[in-house]
Amino acid sequence: MSLTNCRFYEEKYPEVDSYVMVNVKQIAEMGAYVKLLEYDNIDGMILLSELSRRRIRSIQKLIRIGRNEVVVVLRVDKEKGYIDLSKRRVSPEDVVKCEERYNKSKAVHSIMRHVAEKTKTPLEELYKNIGWPLNRKYGHSYDAFKLSITNPDVWNDVTFPSQMVKDELLQYIGKRLTPHPTKVRADIEVTCFGYDGIDAVKDALRAAEAKNTNDTQIKVKLVSPPLYVLTSQTLDKNFGIKLLEEAIQNIEAKIKEYGGGCVVKMAPKAVTEHDDAELQALMEKRERENMEVSGDESQSESDEGIPE
């Protein structure tokens, strides 16, 4: 048994009519020679007639050496080791499903290889004891690995080769698969030109933070009147976007009570560190401009949030 090489799945060969991920190694007159990435790089072949539904003018435009392709299994000769494959019978939907499964399997394989190398345990032994039983029980061991972060009962029926393997696996799963928060942001302009305009804007912006809990926090920052930024950190991007959309609705409802208005300059979306850096640069620029124009303290003192 090898420490680093092993197929992803329990079966040594793929089933006929199943979809598999291959890497193109060589192109010949008969078709393309490939390696089946999920089955420890065993050989397969895509016949020329199975490359495309249309007449082939240039094989190089259809398939290239070194590229990964989703194909469907036509025939498997286990005795001779022949596997015939088709690219032309694969739909775009099949490609998406196969890529999702392959990416999950690749992530599991990376974790298993790490544990194999760290604990000097053959990779196939890890799959036999851990990966393949979890595939049978949970549909995919990747889903079991993710579930185990919050539910240790996943491991109740697993027989680990050693305590060292268990410790290393659990630690590495936590490191690799624990979700990281996403930052979501929206930019809005809030204005009110009535007698109580400043207080009205403060009141409206507080409506965004009114429903804050320990788990869901919305922060409001002033860029420069009337531009404000709403942000929130969340594990679920879609939930975070919905949270900010509701906050904006609350601000709009409140400011309208005072006869003011709220305009969305940037709808809620997930943002990157680059976006954050651009925002910080804009805030610093506006702050410098404000200081040069008037030094108005009511603007600068509210730089960290809603004006007091």
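At what angle do the axes of helix α4 and helix α5 cross, and within what distance do they come?

## Two crossing helices

The axes of helix α4 (residues 141-148) and helix α5 (residues 163-177) come within 9 Å and cross at roughly 90°, in a model that is predicted. The two helices are therefore roughly perpendicular to each other, a term that covers angles of 65 to 115 degrees, whereas angles under 35 count as roughly parallel, over 145 as roughly antiparallel and the rest as oblique. On the α4 side the contact (heavy atoms within 4.5 Å) is made by Y142, F145, K146 and S148, and on the α5 side by L169, I173 and L177. By class, five nonpolar, one polar and one charged residues make up this contact.

## Basis of the description

Residues are numbered from 1 along each chain as its sequence is written, and side-chain values use heavy atoms, with hydrogens and water left out. In this predicted model local features need pLDDT of at least 70 and side-chain atom pairs count only at pLDDT 80 or more, while totals for chains, interfaces and linings use all residues.

Helices (H or I, at least four residues) and strands (E, at least two) are DSSP runs numbered from the N terminus; axes are lines fitted to C-alpha atoms, for helices over the stretch in contact, with angles from 0 to 180 degrees between N-to-C directions.

## The open sheet and its helices

An open sheet is formed by four strands in the order β7-β8-β6-β9, with antiparallel pairing, where pairing requires that DSSP finds at least two bridges between two strands. Its edge strands, each pairing on one side only, are β7 (218-224) and β9 (261-270), and neighbouring strands are turned by 20° against each other on average, direction ignored. Strand β6 (residues 182-191) is joined to β9 by seven bridges, and V190 stands opposite C262 in β9.

Five of the seven residues of β7 are buried (under 20% relative accessible area, with exposed over 50% and partly exposed in between, for a 1.4 Å probe and protein chains only), so β7 is largely enclosed by the rest of the structure. Helix α7 (residues 237-257) lies across β6, β7, β8 and β9 and runs at about 15° to β6.

## Aromatic pairs

The structure holds six aromatic pairs, counted where rings of Phe, Tyr and Trp (its six-membered ring) have centres within 6.5 Å; planes under 30 degrees apart count as stacked, over 60 as edge-to-face and the rest as tilted. The rings of F8 and Y102 are stacked, because their centres are 6.4 Å apart and their planes stand at 20°. This pair links distant parts of the chain, with F8 in the segment before β1 (19-27) and Y102 in helix α2 (residues 92-119), 94 residues apart, and both F8 and Y102 are buried.

The rings of Y9 and Y39, with centres 5.6 Å apart and planes at 65°, form an edge-to-face pair. Y9 lies in the segment before β1 and Y39 in the loop between β2 (31-36) and β3 (42-47), so the pair ties together parts that are 30 residues apart in sequence. Y9 is buried, with a relative accessible area of 10%, and Y39 counts as buried at 8% relative accessibility. Ring pairs link F8, Y9, Y39 and Y102 into a cluster.

Technical notes:
Nonpolar A, V, L, I, M, F, W, Y, C, P; charged D, E, K, R; others polar.
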